[in-house]
There are 2 protein chains.
Amino acid sequence: MEFLEGLKDRIELINSELARYLNVGDQPRLKSAMRHLPLVESSKRLRPLLALLCAEAVSDGPGGEGSKRTIPFALTLEVIHNFTLVHDDIMDEDELRRGVKTVHVEYDMPTAINAGDALFARAFEILSETGLDDAGLRKLTREVAQMVREVGEGQQWDLDFGSRMDVSTDDFLKMIELKTARIFQLAAKGGTLIGGGTEDQVKSMEEYGRLIGVGFQILDDILDFSRDSALKCAGSDIRQGKRTLLVLHALEKLKDDEKTRTELMSILGNSSASDEDIKRSLEILNSCGSMEYAQDFALNYGKLALKKLEVLPESPSRKALEGFANFMVEGRTF
Amino acid sequence: MEFLEGLKDRIELINSELARYLNVGDQPRLKSAMRHLPLVESSKRLRPLLALLCAEAVSDGPGGEGSKRTIPFALTLEVIHNFTLVHDDIMDEDELRRGVKTVHVEYDMPTAINAGDALFARAFEILSETGLDDAGLRKLTREVAQMVREVGEGQQWDLDFGSRMDVSTDDFLKMIELKTARIFQLAAKGGTLIGGGTEDQVKSMEEYGRLIGVGFQILDDILDFSRDSALKCAGSDIRQGKRTLLVLHALEKLKDDEKTRTELMSILGNSSASDEDIKRSLEILNSCGSMEYAQDFALNYGKLALKKLEVLPESPSRKALEGFANFMVEGRTF
């Protein structure tokens with residue numbers, strides 16, 4: 001988390017704005033359920049951070065006018081991200097997130113659906129306060145809405161892949177582009193736009209966001225094996241039978257080793273797999289070189305992203321965006 | 001449905017625009033789940049109808065420019081209404097709606113949550129096409145988002161009331177103002193605004209929308225006893241233990257008749273209550289005069305609403321809004 005230490009001032013700003021924006025509504029149980037997940041302080045705030053850094057990099061630096069104009073947009077993305085987590089946790093039947101009980105466990109399922117919806121609605125209220133001209137905001141609002149719909153498409157592919165044996169690497173990449181990368185892509189695009197970037201800068205930073213978003217998800221799938229169980233169960237992707245890049249690579253490598261392939265398949269999607277089983281699946285993935293393959297894959301996306309930063313003038317904010325890309329694709333421990 | 005026959009041209013326009021707007025997305029299962037409920041043709045389309053009639057009444061009549069400008073806004077409300085139904089049906093565990101299986105039954109629960117979210121997102125994409133100046137749209141977008149959040153507050157009160165014995169008539173009215181009336185209120189306000197109405201007209205029509213929205217819900221609770229079971233189970237409110245105006249009135253009337261009160265309470269919230277039980281609960285409500293009380297209550301809201309129409313010039317559209325109010329609070333059979 002060393003890298004995030006250097007962005008502490010922005011994270012504190014995001015946390016306080018978030019607490020303020022979510023201090024809303026007259027229904028005590030709904031309000032409390034809405035605030036449950038977003039206000040967990042250990043959240044890394046990656047999406048709003050990205051938007052703010054991009055705005056800084058094309059305007060007057062940290063804490064300047066460009067950054068200030070971007071705050072509501074940045075918070076919109078954080079609130080949307082949290083709404084999708086609240087609903088995804090219901091769909092995936094996850095019980096822990098960020099070290100706390102998920103909303104449907106802490107409250108109940110109907111309240112969690114409702115709280116997610118209310119967060120989603122709140123996001124558009126916040127977005128309307130963005131410091132962008134009215135015509136620009138109309139366009140941005142449409143893009144935010146489209147992004148959420150595409151994130152939902154990604155989530156649906158993810159749900160559908162669980163019961164399919166014919167998922168290809170391309171299918172997987174399309175899925176994470178939608179489910180994970182779209183919001184980073186729009187964070188970078190929107191931040192650069194609101195900060196006052198040129199058309200070229202906006203385009204290049206949008207691509208930067210997409211690339212680190214894909215790399216982030218691949219690293220996340222790797223880290224799923226080493227999660228602190230106080231935060232989320234390690235190996236939960238395997239237990240849920242998710243077709244991650246790791247799994248797809250191993251299944252391909254094992255196509256002539258029926259025995260090991262069958263062994264891996266017997267663990268994959270077995271919701272009551274033991275920790276011993278998860279350890280064994282990790283051994284198989286390692287023996288196939290799948291962990292290394294995925295790591296290289298993520299690093300490569302990171303490298304491509306760094307190149308996109310060349311459109312930005314040299315500045316501490318650009319430097320931070322270099323660190324951000326590295327953090328996204330290799331620097332995290334969970 | 002005689003009244004709606006006269007609005008057939010608008011309903012057909014709404015249906016075809018809705019089919020067009022929901023022909024979107026690349027994920028086949030999500031797309032199909034999104035379209036499942038909204039495109040059921042028997043839907044009455046009351047919210048978009050209200051928006052269009054208001055726009056007509058303050059501009060150039062049916063099919064004119066004012067009405068055309070309002071179409072995306074009107075469709076936004078219909079899509080939002082459908083998204084809330086998809087999620088409410090999960091929360092209430094309802095299996096039938098508009099004569100078809102609910103989305104979580106026809107597909108599955110995760111897909112239904114996701115389809116609701118995608119409809120919600122799509123609504124804001126559609127809203128951005130409304131024929132309103134950019135500054136006006138920024139404000140309207142915020143109001144639509146706030147309305148959805150308040151509908152969620154109403155839904156949460158409704159969920160919470162089920163397990164409480166101390167619900168008052170005021171609590172109940174506050175709940176249906178949020179859950180049911182808010183969207184009619186904004187339909188009337190937004191339609192009048194986009195149509196080009198004066199500040200006075202907008203304010204008066206907003207109040208008209210609120211009043212018929214409350215009356216609509218009270219009539220709906222009455223009609224719950226006489227529903228065609230092919231559409232939705234009759235008596236489902238009783239089985240779910242909902243504190244409707246009818247129930248609140250009867251419990252008050254029965255406060256000195258412990259035996260009948262206990263009998264009613266034993267049916268209320270009993271999810272496996274028989275049709276015989278539901279019939280008996282209806283007898284009790286009738287003997288308390290609760291059905292008549294609720295009918296008068298709804299009619300009174302309708303009368304107050306009709307007065308609000310005085311701000312509009314005489315026209316066929318104003319005439320239609322009179323019929324609309326009557327239909328909302330007394331004219332429907334289901």
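In this predicted model, buried residues account for 53% of the 334 residues in chain A; a residue is termed buried if 20 or more other C-beta atoms, placed from the backbone, lie within 10 Å of its own, exposed if 12 or fewer do, and partly exposed in between. Local features require pLDDT of at least 70 and side-chain atom pairs count only at pLDDT 80 or more, whereas totals for chains, interfaces and linings use all residues of the predicted model. Residues are numbered from 1 along each chain as its sequence is written, and chains are lettered from A in the order in which they are written.

Chain A contains 16 helices and two strands, assigned as DSSP runs (helices H or I, at least four residues; strands E, at least two) and numbered from the N terminus. The radius of gyration of chain A, taken over C-alpha atoms, is 20 Å, close to the 20 Å of the globule rule for 334 residues, so chain A is as compact as a globular protein of that length. The rule itself is 2.2 Å times the number of residues to the power 0.38. Along the principal axes, the C-alpha atoms of chain A fill a box of roughly 60 × 50 × 35 Å.

In soluble globular proteins, nonpolar side chains tend to be buried together. A nonpolar core is defined as a set of buried Ala, Val, Leu, Ile, Met, Phe, Trp, Tyr and Cys residues joined through C-beta atoms within 7 Å. The largest such core has 203 residues, of which L50(A), I212(A), L50(B) and I212(B) touch the most other members. Residues up to four places away in sequence aside, L50(B) touches F184(B), A187(B), A188(B), G191(B), G209(B) and F324(B).

Between the chains, 37 residues of chain A are in contact with 37 residues of chain B, contact meaning that C-beta atoms, placed from the backbone, lie within 7 Å. On the side of chain A that touches chain B, α3 (28–36), α5 (65–92), α7 (109–127) and α8 (134–161) each supply at least two residues. Helix α8(A) gives the most, with 17 residues.

Chain A can be laid on chain B with an RMSD of 0.0 Å by a turn of 180° and a shift of 0.0 Å along the axis, which is the relation of a two-fold axis. The superposition is by least squares on the C-alpha atoms of residues with pLDDT of at least 70 in both copies. In chain A, the C-alpha nearest the axis belongs to D134(A), 2.5 Å from it.

Note on methods:
Contact = placed C-beta atoms within 7 Å.
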